[in-house]
Structure formats: C-alpha cells, structure tokens
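Here's a quick briefing to read alongside the model. Have the sequence and the 3D view open as you go.

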Amino acid sequence: MITPTDLICAKISYGRKVSDSELICNMIKDDINSAQKKMAAKAKAYYQCDHDIKDFDFRRSMISETDDNGNERMVDFTNPNRSNQRVTDPFHKILVDQKASYLVGREPTISLKGEDKAYQEFLSDKADDSFNELMHDFVIEASNSGAAVLHFYYDDKGVLRSCIVPSEEVILIYDEKYQRELTAVMRYYSIKVYSGNDYRLRKKVEIWTPKDVTYYIEQEENEFVIDNSYPVNPMPHWWSTVTIDGMTKKKEPHSWGRVPFLVLKNNKDRINDLKPIKGLIDAYDMLSSAGVNDFIDLVALYWAIVGYGGEAAQAIVKKLQINHAVNISGADGSIEAKQVNLSEAGRIEYLNMLRRDIYHFGMGVDTDNDKLGNASGVSLKFQYTLLDLKANAMAAKLRNVIKDYFWFVTDDYNRINGTSYNSDDIVVTINKTMITNDLETVNMICSSAGIVSKQTLLENHPMVSDVNEELKRLEKEERDDIEAFAKYGLKEGGEGDDK
C-alpha cells in the first residue's frame, strides 16, 4: 500500500530531483520484488496446481563420504534408477473454490431501502449470471492475491465495461492520513514491440487519478516517456461525442471524480489464503510423493543368489523372470526368494494429521469427514464455523464493493436515460451456500412466515437460487391471482344474483 507521502519520500531519498521515469521505474521494481506480490504469485501457482514439489528431484540426495584423510563431507548423489514422481495435492484450490462458492455460489440479493420499483427492476436485471460469475472470479482473485482489483472503462462503442485486472499489474496508492481512500492507481504491463521478425518486451504504464489518466511507455529499458500514441495525454476518463446526421461534431471530456477501480481485500491485512497453510501442503506433497515412489520402486520379491558372480547372478534373474525356473550346478550355490514388507501405517496416520491441519488452519470444510454426512441442525452449522469466520472477513468488504460496483452502473444509466437513481439506497445481501438439512430449513421457514420478511425467507430457502427473480415471480403470480379472482369471481357472483 503506497501513499502520496511515500512518493515524496522516494524522491527525497535520492538526494536530488528524480524524474517521472526514474520514479516509475523504481516503483515497479519495488512492487515486483515485494513480499506480497511474490506470495500472490505463489498462491496463483498453487491454485493452478503448480506446487513447489514439482521442482524437487527424488533421484538426488546428499550422502556422507569420507576421503583418504578421514575427513567427512556431504556430496550430491544421483541415482538414475530411483523413481521421480511428484504428486500435487490441490488443497489450496479446493479451499479457495469452496470459499468462493460459499460466498457467491448463490447470487447476492440487490434490494432498495425505498419502494422505487423501476430502479429495483433495473438492478435485478443487472445482477444477472454474468455479474455473479464476475463476483465469483473476483473472490478467487482476492483469495489468491490478498486483494483483487476491478476496473471500469468505456469501450470504443461507448459501452460501460468492467474487468478484473491481474493484481501483479497494479500498484494501489491511498490517502496518507487514514489510508482508506484510493487516490491513484498505477497499472503496468508488458507489450511486444516488433522489429522485423524479432520483438522485445516493453512496459506500458497507466497512472489513474480521480480526474484523468496519464499513459507512459518504456522507450528503452527502464526509460519511461509520455506515450505519444494518445492524441491527448493526460486523458479524461472517457469522452462523450455529439453527432449530427451521423457525423461527430464535438467531443466532451468526462471524469468520474473518483479512481475507476474497485479493490476487494481478502482481509484487513491483505493476507492470501495460501500463506497460513503452504508449509502443511508442501509436507503433504512431499510425503505422498515419497510414498508413491517407494511403491513404484518396490519389488514384491527379491532374490538372494549365493555362490555366483555378478554376471551369472544377472543371468539367473533374467531366466527367472522369463522361465520362472533355472538350472544351477554346484553344491555351494543357492537361490532364495525373499519378500519385502513396506509398513504404511505411520505414513497414512501422518498424512491424515496433515489433512486435518490443512482444513483446520485453512479454515475450510473437509467434505470427506464422516461426521459431516451424519450432522444436522446445530451440529451441521458447527462444521462450517471456520469457513464462516474466514468468509465473514471478506463478506462485509464484498458488500461494499458490490455497492460501489452499482454506483458506476447507476451513474452510467442516469446520464444516458436522464434518471436520478441514488445508489446509496442499495442494500446488498450475501446469500451464503452450505450443505443443510433441507427438511429442517423448510420447516423453520414455514414457521417463520409472518414473523420475518418474505425476502429473508427466500434468501434462506434451499430451492431459491436467485432471490430477486423469485420475488418478481411471486409478484406476477399475485397479480395473476388477483386478475383471475376479479374476472371469475365477479362472473360467478353475477350468476348468483340472476338466480
């Protein structure tokens, strides 16, 4: 997290006036080498099942050797006949996906404090499957990176768009007093610059403020200049065009008055979900990989061949493999088959302990737990305690981000349609997903009718995935019932009067 004061200190620390190019270069270098960005890269690798175990070579080991002078030393020994299987156990991916599904597996409910039905219908239309998919990916990015960043922009056709910016491309700059307000964002990424058939990677930099965006490009290595490919630089956040008879007459600059980026923090300290359990996962990978290699290298029988030279012994083994029998001569020779027993009890017990610790310290739910299948009511909720605690660290932040998301959406709609909807009236409800006893839940909902609101009951109903859509269906059914009653009820009443 960087503040404006940090930028000033960076300039002062060089003891001279530092150019924008030098400042940008050093900020990017510090960001790439920061512990948080390195841990975020590691978490993303583990999420893609690219674990550290893949770099381990089971064929190599350190052994002790004693030289002619009696000095002992450790040397690197390689056994090419040793198996080298590396097993990755994707606990981190399971836990992150579990958390994302728990938080946004069901669409968040977007409602209003007031009774503006037109605005409510607009919000319900926007909170569709694509929005929920975006929020799902947003939670996964935050869980891996410690903080996820969503960017709003207008495309070439003037349509409002949003996208998740990879966290490794972003430097966030906050206000220096409270470090809560996002005052600027620096985004940097690499492009290919071709020279004939060859190309070089050069960085592009965007510095976004509440008023505008300035574009830089890396001309030579570590030398950043204003990007002249943009006719106006700095540029406003977007342009609006006035057209008459299909021809552009005027372009007007506009800015949102705030940095067009939303930040979802994984928790207060922006710690990603891998950090607390990485050592446990590495230990599990190492132990399970070693077990696999032991089983591969293990032979059911080995032969004790006595009284024969090396070449003769090899020939006997070959004949035994092919013919299952061999003729030998000489009273001193013998062949004896012996069996190897590999004890796995200790290894399995330790793996089970590691698994328990991974789910405990990773604050997840082990769905292979026998207790989970037999649990109900309070006992079932108890199984979700740690996952719920972890999810709650993000839930409040997610609600605020969703509300800010609809600030941009509402602002865009108001300008286009001349409306004056107020996003401050939006209420966001996170509908958590968990295994439940459906019968117990439905009975509780039925007994709560008239005590709590219809929306709250629908949010907890196991058959409802989209609360906003279900409310619209219920309203339609009520209107249809009223119309049917008015139509057929009056008709029956009229016939009764005639009699």
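Leaving out anything up to four places away in sequence, glutamine 219 is in contact with Arg202 and Val225, where contact means heavy atoms within 4.5 Å. Keep in mind that this is a predicted model: local features need pLDDT of at least 70, side-chain atom pairs count only at pLDDT 80 or more, and totals for chains, interfaces and linings use all residues. Numbering starts from 1 along each chain as its sequence is written, and side-chain values use heavy atoms, with hydrogens and water left out.

**Around glutamine 219**
- Glutamine 219 sits in strand β9 (residues 212-220); helices (H or I, at least four residues) and strands (E, at least two) are DSSP runs, numbered from the N terminus.
- Its relative accessibility is 46%, so glutamine 219 counts as partly exposed (buried is under 20% relative accessible area, exposed over 50%, partly exposed in between, with a 1.4 Å probe and protein chains only).
- Arginine 202 is 17 residues away along the chain from glutamine 219, and their C-alpha atoms are separated by 7.4 Å.

**Helix α4 against α12**
- Helix α4 (residues 91-104) and helix α12 (residues 385-417) have axes that come within 10 Å and cross at roughly 55 degrees; axes are lines fitted to C-alpha atoms, for helices over the stretch in contact, and angles run from 0 to 180 degrees between N-to-C directions.
- That makes α4 oblique to α12 (under 35 degrees is roughly parallel, over 145 roughly antiparallel, 65 to 115 roughly perpendicular, and the rest oblique).
- On the α4 side, the residues that meet α12 include Leu95, Gln98 and Tyr102, and their partners in α12 include Leu387, Met394 and Leu398.
- The residues of this α4 and α12 contact divide into nine nonpolar, one polar and three charged (Ala, Val, Leu, Ile, Met, Phe, Trp, Tyr, Cys and Pro are nonpolar, Asp, Glu, Lys and Arg charged, and the others, Gly among them, polar).

**Helix α3 against α4**
- Helix α3 (residues 35-47) packs with α4 at an angle of about 95 degrees, their axes 7 Å apart.
- The two helices, α3 and α4, are therefore roughly perpendicular to each other.
- Ala43, Tyr46 and Tyr47 of α3 make the contact with His92, Lys93, Val96 and Asp97 of α4.

**Aspartate 412**
- Helix α12 is also where aspartate 412 is found.
- Aspartate 412 is buried, with a relative accessible area of 13%.
- Not counting residues up to four places away in sequence, aspartate 412 touches Tyr154 and Leu160.

**Helix α5**
- In helix α5 (residues 117-126), the buried residues include Tyr119 and Phe122.
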